[in-house]
Amino acid sequence: MSQKVAVLGTGKIGEALLSGMIRAGWAPSDLLVTARRPERAEELRARHGVTPVTNPEAAKTADTLILTVKPQDMGTLLDELAPHIPADRLVISGAAGIPTSFFEERLAAGTPVVRVMTNTPALVDEAMSVISAGTHATAGHLAHAEEIFGAVGKTLRVPESQQDACTALSGSGPAYFFYLVEAMTDAGILLGLPRDKAHELIVQSAIGAAVMLRDSGEHPVKLRENVTSPAGTTINAIRELENHGVRAALIAALEAARDRSRELASGNN
């Protein structure tokens, strides 16, 4: 862990990654950060002991560059970085929808690029980070990316052709669960429960269900059937979900998210 790693454009996810790396054993002295606002950079220094630098300084100094700016800002950042990045630097992109070829075309020939789609549970060390290799990235580069992002959750390697689908399922996935909890909380209020009690009931139910999905080894259909008694309350609720096309709506929603990821890749911001 003696290599220097720079996080460029350090927002909430970037800071969560820094914090996780430090807890995993990375020395703060080996971690560099850049931020658009100087006061943000100083805040990161005070909170984590990392070193604020400029983008060109990061490109010249760090062995690994993690680019966490928004997709629409990535081209501008690469224009600034390209003259300063040697071809032996590992570049990790955390920008949704942007293919590794976008970076390879703008950086020195042979520069290894790894694409990572993580999600906001990185803030609580429960992220799902999906990792894909660019043309010049080796197994060693992928392992290094896994070491970094493994500090804030689980990692999964997939071919880059599957990244847009993973963005729809996992990158955007937490928002779907928050949306469902919001709707169920409103239903609880409609049924006569105070908001705080409805929220607590739903959140704990969600946590328990997630742990069962993770640890039981059972298919979700089997777990659902275990809750669904003949002529009981659950099957009546499931019937209404099916009558209202909830399953079809979820599939359509994820297709829309995938399509938007593809649009971002084509430069349609």
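## Close-up views of the predicted chain

**View 1. Helix H8 passes helix H9 in a right-handed crossing.** In such a crossing the near helix is turned clockwise from the far one by less than a right angle. The model is predicted, so local features need pLDDT of at least 70 and side-chain atom pairs pLDDT 80 or more, while totals for chains, interfaces and linings use all residues. Residues are numbered from 1 along each chain as its sequence is written, and side-chain values use heavy atoms, without hydrogens or water. H8 covers residues 173-190 and H9 residues 195-215. Their axes lie 9 Å apart, at an angle of about 135 degrees. That angle makes H8 oblique to H9 (roughly parallel is under 35 degrees, roughly antiparallel over 145, roughly perpendicular 65 to 115, oblique the rest). Axes are lines fitted to C-alpha atoms over the stretch in contact, and angles run from 0 to 180 degrees between N-to-C directions. Helices (H or I, at least four residues) and strands (E, at least two) are DSSP runs, numbered from the N terminus.

**View 2. Residues of H8 meet residues of H9.** On the H8 side are Val 181, Met 184, Thr 185, Asp 186, Gly 188 and Ile 189. Arg 195, Ala 198, His 199 and Ile 202 face them from H9. Contact means heavy atoms within 4.5 Å. By class, this contact has 5 nonpolar, 3 polar and 2 charged residues (nonpolar: Ala, Val, Leu, Ile, Met, Phe, Trp, Tyr, Cys and Pro; charged: Asp, Glu, Lys and Arg; polar: the others, Gly among them).

**View 3. Helix H7 packs with H8.** H7 runs over residues 163-171. Ala 168, Leu 169, Ser 170 and Gly 171 of H7 contact Gly 173, Pro 174 and Tyr 176 of H8. The class count is 4 nonpolar, 3 polar and no charged residues. UniProt, in an unreviewed entry, lists residues 160-264 as "domain: Pyrroline-5-carboxylate reductase dimerisation". UniProt positions follow the numbering used here, feature names are shortened, and annotations may be inferred rather than shown by experiment. Over residues 160-264 the chain is 82% helix and 0% strand. The end C-alpha atoms of this stretch are 15 Å apart.

**View 4. Asn 55 sits in helix H3.** H3 covers residues 55-61. The unreviewed UniProt entry lists Asn 55 under "binding site". Asn 55 counts as buried, because its relative accessibility is 16% (buried is under 20% relative accessible area, exposed over 50%, partly exposed in between; 1.4 Å probe, protein chains only). Beyond neighbours within four places in sequence, Asn 55 contacts Leu 8, Thr 34, Leu 77, Glu 80 and Leu 81.

**View 5. Val 50 lies in the loop between helix H2 (38-48) and strand S3 (51-52).** Val 50 counts as buried at 1% relative accessibility. Leaving aside neighbours within four places in sequence, its contacts are Leu 18, Ile 22, Pro 28, Leu 31, Val 33, Leu 44 and Arg 45. The C-alpha atoms of Val 50 and Arg 247 are 46 Å apart.

**View 6. Ser 93 belongs to strand S5 (residues 90-93).** Ser 93 counts as buried, with 1% relative accessibility. Neighbours within four places in sequence aside, Ser 93 touches Leu 67, Met 74, Phe 103, Val 114, Arg 115 and Val 116.
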